[in-house]
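Okay, thanks for coming, everyone. Let me put the model up and then walk you through it.

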Amino acid sequence: MQFARYTEVARQPAVFRDLAIWAPVTLKLQDLLDTLENNQQDGQFLDIIKDIALFDVWKDPNSQQQERSLALRFTLQDPAATLEDTRVDQCMNAALELLVQKHGVRKR
């Protein structure tokens with residue numbers, strides 16, 4: 001039997017941003033998610049990421065390249081303050097740069 005766990009309800013609104021990238025077909029989604037999760041505490045603005053969901057995968061059937069498009073929806077939230085556009089942009093830019101460096105993806 002599992003018991004319900006108490007979690008504090010955030011008082012600040014969440015912000016949603018989408019990011020579409022080109023990634024090798026051999027790259028696993030979990031590898032991308034693990035990279036972002038493992039770097040949240042490194043002071044790269046990633047600490048406000050609360051969730052990442054894959055909502056679209058597309059591969060051009062006419063392309064000879066071995067890559068596919070992945071569209072990710074980020075849920076961002078700071079429990080202590082309302083997020084401003086500057087901080088959200090810093091987070092998304094840091095996330096993209098990290099994925100480019102670690103996995104060789106590129107923005108779509």
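When I say strands pair, I mean DSSP finds at least two bridges between them. Strands here are DSSP runs of E of at least two residues, helices are runs of H or I of at least four, and both are numbered from the N terminus. In this pairing Leu19 sits opposite Leu72 in S3.

Quick caveat: this is a predicted model, so local features need pLDDT of at least 70, side-chain atom pairs count only at pLDDT 80 or more, and totals for chains, interfaces and linings use all residues. Numbering runs from 1 along each chain as its sequence is written, and side-chain values use heavy atoms, with hydrogens and water left out.

Back to S3. S2 pairs with S3 too, again in the antiparallel sense, over eight bridges, and there Trp58 stands opposite Ser69. Nine of the ten residues of S3 are buried, so the rest of the structure largely encloses this strand. Buried, by the way, is under 20% relative accessible area, exposed is over 50%, and partly exposed is in between, with a 1.4 Å probe and protein chains only.

Zooming out, we've got two helices and four strands, in the order β-α-β-β-α-β along the sequence.

Now, what touches the most other members of the largest nonpolar core? Phe74 and Leu76 do, out of 25 residues. A core here means buried Ala, Val, Leu, Ile, Met, Phe, Trp, Tyr and Cys residues joined through side-chain atoms within 4.5 Å. In soluble globular proteins, nonpolar side chains do tend to be buried together.

Look at Phe74 on its own. Setting aside neighbours within four places in sequence, its contacts (heavy atoms within 4.5 Å) include Leu19, Leu36, Ile52, Met92 and Ala95.

Met92 and Ala95 are among the buried residues of H2, along with Val88 and Leu99. What covers that buried set? The cover includes S1, H1, S2, S3 and S4. H2 has 19 residues and spans 27 Å from first C-alpha to last, close to the 27 Å expected, which is 1.5 Å times one less than the number of residues. Just after H2, Gly104 takes a positive phi of about 70 degrees.
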